[in-house]
Amino acid sequence: MLVDVHLAKAYEQYQTGDSTRLSSTDLYYSVLAKYGVADSVFTRSVIYYSSHPKDYDKMYNEVLDRLNAMQKEQQDKQELNVGNQKVERDSLTVE
């Protein structure tokens with residue numbers, strides 16, 4: 001779930017155009033809805049992990065590992081397609 005929260009934050013930074021722009025609140029609540037988690041439950045989890053730094057660090061290292069793997073996968077796709085003059089674009093690719 002935290003991976004999706006970070007992806008939503010990144011998406012928010014790269015949005016363009018006023019008519020289709022989603023607010024950070026919309027993105028945050030869409031992630032909560034995807035996982036069926038209430039805002040209060042998510043907040044309590046953040047408070048819990050904030051008071052248990054070893055667990056929090058372990059969890060965030062896993063989040064960072066997943067985000068880095070996703071980034072590498074996208075870079076690898078782009079590198080494979082550059083030789084063929086075809087550059088694949090998708091929702092994770094930022095121009």
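Buried means under 20% relative accessible area, exposed means over 50%, and partly exposed is whatever falls in between, with a 1.4 Å probe and protein chains only. Keep that handy for the exercises.

This is a predicted model, where local features need pLDDT of at least 70, side-chain atom pairs count only at pLDDT 80 or more, and totals for chains, interfaces and linings use all residues. Residues are numbered from 1 along each chain as its sequence is written, and side-chain values use heavy atoms, with hydrogens and water left out.

**Exercise 1. Which residues make up the largest nonpolar core?**

Step 1: set the rule. A nonpolar core is a set of buried Ala, Val, Leu, Ile, Met, Phe, Trp, Tyr and Cys residues joined through side-chain atoms within 4.5 Å.

Step 2: list the members. The largest one has nine residues: Leu 2, Val 3, Val 5, Ala 8, Leu 27, Val 31, Leu 32, Phe 42 and Val 63.

Step 3: sort by element. Helix H1 (2–13) and H2 are the elements giving two or more residues to this core, and H1 has the largest share, four residues.

Step 4: look around one member. Skipping neighbours within four places in sequence, Val 3 is in contact (heavy atoms within 4.5 Å) with Val 63, Arg 66, Leu 67 and Met 70.

As background, nonpolar side chains tend to be buried together in soluble globular proteins.

**Exercise 2. Work through the aromatic pairs.**

Step 1: set the rule. Rings of Phe, Tyr and Trp (its six-membered ring) pair if their centres lie within 6.5 Å; planes under 30 degrees apart are stacked, over 60 edge-to-face, and the rest tilted.

Step 2: get the total. The structure holds five aromatic pairs.

Step 3: take Tyr 28 and Phe 42. Their centres are 5.8 Å apart with 70° between the planes, an edge-to-face pair. The pair links distant parts of the chain, as Tyr 28 is in helix H2 and Phe 42 in helix H3, 14 residues apart.

Step 4: compare with the accessibility cut-offs. Tyr 28 is partly exposed at 23%, whereas Phe 42, at 14%, counts as buried.

Step 5: take Tyr 48 and Tyr 49. With centres 5.1 Å apart and planes at 85°, this pair is edge-to-face too. Tyr 48 is partly exposed at 40% relative accessibility, and so is Tyr 49 at 28%.

Step 6: group the rings. Tyr 48, Tyr 49, Tyr 56 and Tyr 60 form one aromatic cluster.
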